[in-house]
Amino acid sequence: VRAIVIPSVDINNFSSVRDIAHQFDGGFYALGIHPMYVHSSEEGDLEQLAVILEKALDDPRFVAVGEIGLDFFVKEIATGAAREKQEYFFNEQLKLARRFELPVILHVRRSQDIILKYLRRYEELSGIAHAFNGSEQQADQFVELGYLLGMGGAMTFERAQQIRRHAAKYDLRHYALETDSPDMAPSWLDVKKTPNTPMQIARIAEVFADLRGQSVAEIQKQTWENTLNIFPRMKQLIS
Ligand SMILES: [Zn+2]
């Protein structure tokens, strides 16, 4: 594992993701308000985020706005005012990413088409659709807009046929590998005994290589390059 990007979920953990990223070589972080934490966030948090993002530009370990996005899987936040608030926070954070010329790490759950609608308004943006799942048509559109498809633990389950089809379909330049640790454990982990950590990425790369019929070396080389290209600030520090 050469680099790890640690995204935040709300303003209360901005300083901890920054501190953790600084504790080891290859540690990087992203700042943003996660859709599942929008309901407990306030309008003023967006203003604070803007101030903190601007300051973070001086920190080479800081690479992206994230996680941001929309989550319509969790029922309580999928309708009415809670849903509107999610869309408002998402749009405001896309504006911040554009203003500071930063890539975004997207959380996309049961919200693919609406997220695509927003992304089309910000054509200059790019980033990663992390833990991507969705229809083939939706995947095509994320790829066309220049987003990397994040492939991780979910892909390691044989029943995840749709994700496995996405994993095999596109040119290797369109993917990033991820663990989403401690969430989304791969099929071989019993999380009660062994927590999901970034170390699992090696075996995730093997599964991905198998699905695509390519060598692990090829997968490692190209997904690493993709990651550096999508996070220019990381590339700048590492090379
Ligand atoms: Zn997520």
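How much area is buried between domain 1 and domain 2, and what percentage of it do carbon and sulfur atoms give? The buried area, meaning the accessible area (1.4 Å probe) that two parts lose on being put together, summed over both, is about 1100 Å², and carbon and sulfur atoms give 71% of it. This is a predicted model in which local features need pLDDT of at least 70 and side-chain atom pairs count only at pLDDT 80 or more, while totals for chains, interfaces and linings use all residues. Residues are numbered from 1 along each chain as its sequence is written, and side-chain values use heavy atoms, with hydrogens and water left out.

**View 1. The two domains.** Domain 1 spans 1-72 + 85-102 and domain 2 spans 126-239, with bounds from an automatic or database domain assignment. Their C-alpha centres lie 21 Å apart.

**View 2. The interface of domain 1 and domain 2.** Here 17 residues of domain 1 are in contact (heavy atoms within 4.5 Å) with eleven residues of domain 2. On the side of domain 1 that touches domain 2, the elements giving two or more residues are β1 (4-7) and β3 (62-71); strands are DSSP runs (E, at least two residues), numbered from the N terminus. β3 gives the most to this side, with four residues.

View 3. Glu67 in strand β3 and His107 in strand β4 (residues 104-109) link distant parts of the chain, 40 residues apart.
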